[in-house]
Amino acid sequence: MRFTSQQRLDDGVAEREFTLGEIPGILWTPASASASAPVPLILLGHPSPGLRRMYPRLVARARRAAADGFAAATIELPGSGDRPRLPGVEQAGADLRRALQAGDPVSDEIIDALVLPLVDKAVPEWQATVDALLSLPEIGGPVGYSGGVISIGIRLAVAEPRIVAAGLFAGSFVPRT
């Protein structure tokens with residue numbers, strides 16, 4: 001993990017942008033966070049428009065978490081922002097829009113093609129992010145996950161034993177698998 005920028009927000013929250021390999025992310029820690037009193041962590045999920053477009057909502061959620069004594073972090077989803085697009089996902093998105101505009105049911109094949117490549121790539125990236133964040137002296141457990149693409153949250157909560165709570169909200173398609 002390499003920190004690329006740091007600023008202190010007007011409420012004392014430290015905001016640090018980072019990269020983990022090729023994955024950009026943001027970490028927010030409350031003013032009270034220190035190596036002697038590490039704080040728990042909330043992973044902030046978000047939909048796929050990208051970190052820059054989602055920043056106002058993410059920083060508001062992070063500030064609320066910090067006010068409650070939690071660190072918060074998010075990463076750019078695979079295929080979002082400046083990250084390379086995922087093969088087949090754009091076609092699946094076009095198929096989804098076409099079905100919705102026509103009033104047709106959305107098939108399991110469309111949902112699988114749209115969501116599963118994202119989940120398959122995002123969950124290991126979130127796990128690597130948790131590894132890196134928990135190695136910082138000011139962050140301890142437990143870890144929670146909040147919001148974002150529901151399918152990512154479900155798979156991550158099942159696959160990652162360090163996640164002890166998940167708040168899944170917002171609408172998104174969930175594959176039957």
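**A chat about cores, helices and salt bridges**

Biologist: Where is the kink in helix α1 centred?

Modeller: On Arg57. This is a predicted model, and in it α1, residues 51-67, bends by about 40 degrees there.

Biologist: Which residues of α1 are buried?

Modeller: Leu51, Met54, Leu58, Val59, Ala62, Ala65 and Ala66.

Biologist: And what do they pack against?

Modeller: Strands β2, β3, β4 and β5.

Biologist: New topic. How many residues are in the largest nonpolar core?

Modeller: It has 37 residues. Those with the most contacts inside it are Leu27, Leu41, Leu43, Trp126, Leu133 and Ile152.

Biologist: Which element gives the largest share?

Modeller: Helix α3, with twelve residues. Other elements giving two or more include β4 (39-45), β6 (139-147) and α4 (150-159).

Biologist: Now α4. Which residues there are buried?

Modeller: Ile150, Ser151, Ile152, Gly153 and Leu156. Their cover includes β4, α3, β6 and β7.

Biologist: And Val158, buried or exposed?

Modeller: Exposed, because its relative accessible area is 70% and the cut-off for exposed is over 50%. With Ile154, Leu168 and Val174, it forms a nonpolar surface patch of about 340 Å² accessible area together.

Biologist: Salt bridges next. How many?

Modeller: The count comes to twelve. In one of them, Glu17 meets Arg52 at 3.3 Å, N to O.

Biologist: What does that pair tie together?

Modeller: Glu17 lies in strand β2 and Arg52 in helix α1, so the bridge links parts 35 residues apart in sequence. Glu17 is partly exposed, at 23%. Arg52 is exposed, at 54%.

Biologist: What does Glu160 pair with?

Modeller: Arg162, with the closest N and O atoms 2.6 Å apart. Glu160 is buried, with a relative accessible area of 4%. Arg162 is partly exposed, at 28%.

Biologist: Which residues do shared partners join into one network?

Modeller: Asp10, Asp11 and Arg63.

Terms used: Residues numbered from 1 in each chain as written. Predicted model: local features only at pLDDT ≥ 70, side-chain atom pairs only at ≥ 80, totals over all residues. Heavy atoms only, no water. Core = buried A, V, L, I, M, F, W, Y, C linked by side-chain atoms within 4.5 Å. Buried < 20%, exposed > 50% of the residue type's maximum accessible area, 1.4 Å probe, protein only. Helix = DSSP H or I, 4+ residues; strand = E, 2+ residues; numbered from the N terminus. Bend = angle between axes of the 7 residues up to and from the residue. Contact = heavy atoms within 4.5 Å. Patch = residues over 30% accessible without salt bridge, like charges linked within 9 Å, V, L, I, M, F, W, Y side chains within 5 Å. Areas by Shrake-Rupley, 256 points an atom, 1.4 Å probe, with all protein chains shown as cover. Salt bridge = Lys/Arg side-chain N within 4 Å of Asp/Glu carboxyl O.
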